[in-house]
Amino acid sequence: MPDEFDAPRKVYKLKPREDFVRDNAPGPSAAGTNQPIDVFQMRAEQRAIEQQAGVDEVDLTPPPNRRRREFITLLVLNNAFFGGATYFGLGNPLIMACGVAGMTIGSFGAYWLIYHIMGRY
């Protein structure tokens, strides 16, 4: 029974539009030329222009490693903060323990953040 109530399936095809209106008339150079476009010749001309301008050379030096720089920056700032708390709180064992724990957790956290959580950039 459900087959009787199904509508016929629509078929979609790509076909050119016959009512296409051209807004801009073709230029004088396109009216008389029916020769094929030579892509290799066009690319050779572009390459000659690039070579004259000096932008054809590729720089193969590796970019600076920003991940390592940012990891070391985080490590230095974290250890300076908690190391200072550890050094100046030597009289209090709780502050000393918290400082050492902060340096340890901060160091591992910076490593995990930079090299495992963040993607390459």
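Modeller: One term first: two residues are in contact when they have heavy atoms within 4.5 Å. This is a predicted model, where local features need pLDDT of at least 70 and side-chain atom pairs count only at pLDDT 80 or more, while totals for chains, interfaces and linings use all residues. Residues are numbered from 1 along each chain as its sequence is written, and side-chain values use heavy atoms, with hydrogens and water left out.

Biologist: How many helices does the chain have?

Modeller: Helices are DSSP runs of H or I with at least four residues, strands are runs of E with at least two, and both are numbered from the N terminus. Reading from that end, the elements go α-α-α-α-α. There are zero strands, and the number of helices is five.

Biologist: What share of the residues counts as buried?

Modeller: Buried means under 20% relative accessible area, exposed means over 50%, and partly exposed is in between (1.4 Å probe, protein chains only). The chain has 121 residues, and the buried share of them is 9%.

Biologist: Which helix do the buried residues of H5 pack against?

Modeller: H5 covers residues 93-117, and its buried residues are Gly 99, Gly 102, Ser 107, Ala 110 and Ile 114. Their packing partner spans 66-88. That partner is helix H4.

Biologist: Is Thr 86 buried or exposed, and which residues is Thr 86 in contact with, leaving aside neighbours within four places in sequence?

Modeller: Thr 86 sits in helix H4, and its relative accessible area is 12%, so Thr 86 is buried. Its side chain reaches the backbone oxygen of Phe 82 at 2.8 Å, a polar contact (a pair of N or O atoms within 3.5 Å; within protein, one must be able to donate a hydrogen and the other to accept it, and residues adjacent in sequence count only if both atoms are side-chain atoms). Beyond the neighbours within four places, its contacts are Met 96, Gly 99 and Val 100.

Biologist: Which residue caps the N-terminal end of H5?

Modeller: Look for a side-chain oxygen that lies 3.2 Å from the backbone nitrogen of Leu 94. The residue that carries this oxygen is Asn 92.

Biologist: How far does H5 reach from its first C-alpha to its last?

Modeller: The expected span of a helix is 1.5 Å times one less than its number of residues. H5 has 25 residues, which gives an expected 36 Å. The model comes close to that, with a reach of 34 Å.

Biologist: How many salt bridges are there?

Modeller: Side chains of opposite charge can pair when their charged atoms come close. A salt bridge puts a side-chain nitrogen of Lys or Arg within 4 Å of a carboxyl oxygen of Asp or Glu. Arg 43 pairs with Glu 50 at 3.6 Å, and Arg 47 pairs with Asp 56 at 3.1 Å. By this rule the count is two.

Biologist: Why does Arg 43 count as partly exposed, and what is its relative accessibility?

Modeller: The partly exposed class lies between the buried and exposed cut-offs. Arg 43 counts as partly exposed because its relative accessibility is 39%.

Biologist: Which residue just after H3 takes a positive phi?

Modeller: H3 covers residues 39-53. Just after this helix, phi is about 85° at Gly 54.
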